[in-house]
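Have a look at the model first, then read on.

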Amino acid sequence: MPSNNEERGELAGQVALVTGSGRGLGNHIAKALIAMGADVAIHDISEEAPAQFGEFETLTAAAAALRVNNARTTSVVGDITNEATVAAMVEKIEADLGKIDILVNCAGGDIGVKGKPNPNDSLHTAMEDVRIVVERNFFGTMIMCRAIVPGMIERQHGSIVNIGSVNAHYGLDNEVAYSCAKAAVIHYTRCLANAGRVHGVRANAISPGPAKTARFMATRTLDAAAMESSVSLDRYAEPQEIADAVAMLCSPKARYINGQVVRVDGGALLFPG
């Protein structure tokens, strides 16, 4: 008869941390990893943050909802731009679940000091907004990796998936700070992949197109036809479609994929490179 680990899937026995996973895309990624057998630590900026768009009452409730198929979960709260806070989060996860095998950096976002920057272009965005957006996306990703990846290298095993954005791949006239921060995340992923390659530690990135998360649905004026199409790929993504791509990159099926950027956008951006 198969063991409990075999029944749970190909990530059984591995510990994953998904930042920004109390809600939204990160929560879908956490679910996908649990479905493949991983034990998962979820994270948000505060205990109450998952309630903002009605997904969960608290981060603790979000973690409890993930406990299926004998999976273990825990939750951590903190600002990923604060190195001491990140170190404390990692210590708690390792005490609760064990050493971290998989890191998915999903926390970030396009919010400045008082919401979305306005103006939000190349020449007029307030620098205080630019700094916050870059810190939350690029610096936060780097700090998380600096706290966790050395342990992966020491153990000669690990997988990192950083979340970029399709905005990072072309010039545009809005959300410029966010786009540049995500472009930095993508290039940092390549540098990280080079650092880990001889140690069996892989780093890849996903650049999602727009996905129908609770926040997206609550804050955007939506094109109903594009949103509801069941055949065309010229539509908004289901969050699970992004999560599935992340889970694949974390899995043994991707054991020879390193330093790559996968645009999960339905083919919206079709160009070489």
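Which backbone oxygen does the side chain of Thr141 reach? That of Asn137, at 2.8 Å.

## Ground rules

This is a predicted model, where local features need pLDDT of at least 70, side-chain atom pairs count only at pLDDT 80 or more, and totals for chains, interfaces and linings use all residues. Residues are numbered from 1 along each chain as its sequence is written, and side-chain values use heavy atoms, with hydrogens and water left out.

## Thr141

Thr141 sits in helix α5 (helices are DSSP runs of H or I, at least four residues). Because its relative accessibility is 3%, Thr141 counts as buried (under 20% relative accessible area, 1.4 Å probe, protein chains only). Setting aside residues up to four places away in sequence, Thr141 touches Asn105, Asn162, Val185 and Tyr188 (contact means heavy atoms within 4.5 Å).

## α4 against α5

Helix α4 (residues 83-96) packs on helix α5 (residues 127-155) at about 45°, axes 10 Å apart (axes are lines fitted to C-alpha atoms over the stretch in contact, with angles from 0 to 180 degrees between N-to-C directions).

On the α4 side, Glu83, Val86, Met89 and Val90 meet Ile143, Met144, Ala147 and Ile148 of α5. By class, that contact has seven nonpolar, no polar and one charged residues.

## Phe56

Phe56 lies in the loop between β2 (39-44) and α3 (59-65), and is buried at 18% relative accessible area. Its C-alpha is 7.4 Å from that of Arg23, 33 residues away along the chain. Beyond neighbours within four places in sequence, Phe56 contacts residues including Gly22, Asn27 and Pro50.

Methods: Helices (H or I, at least four residues) and strands (E, at least two) are DSSP runs, numbered from the N terminus. Ala, Val, Leu, Ile, Met, Phe, Trp, Tyr, Cys and Pro count as nonpolar, Asp, Glu, Lys and Arg as charged, and the others, Gly among them, as polar. Buried means under 20% relative accessible area, exposed over 50%, partly exposed in between (1.4 Å probe, protein chains only). A polar contact is a pair of N or O atoms within 3.5 Å; within protein, one must be able to donate a hydrogen and the other to accept it, and residues adjacent in sequence count only if both atoms are side-chain atoms.
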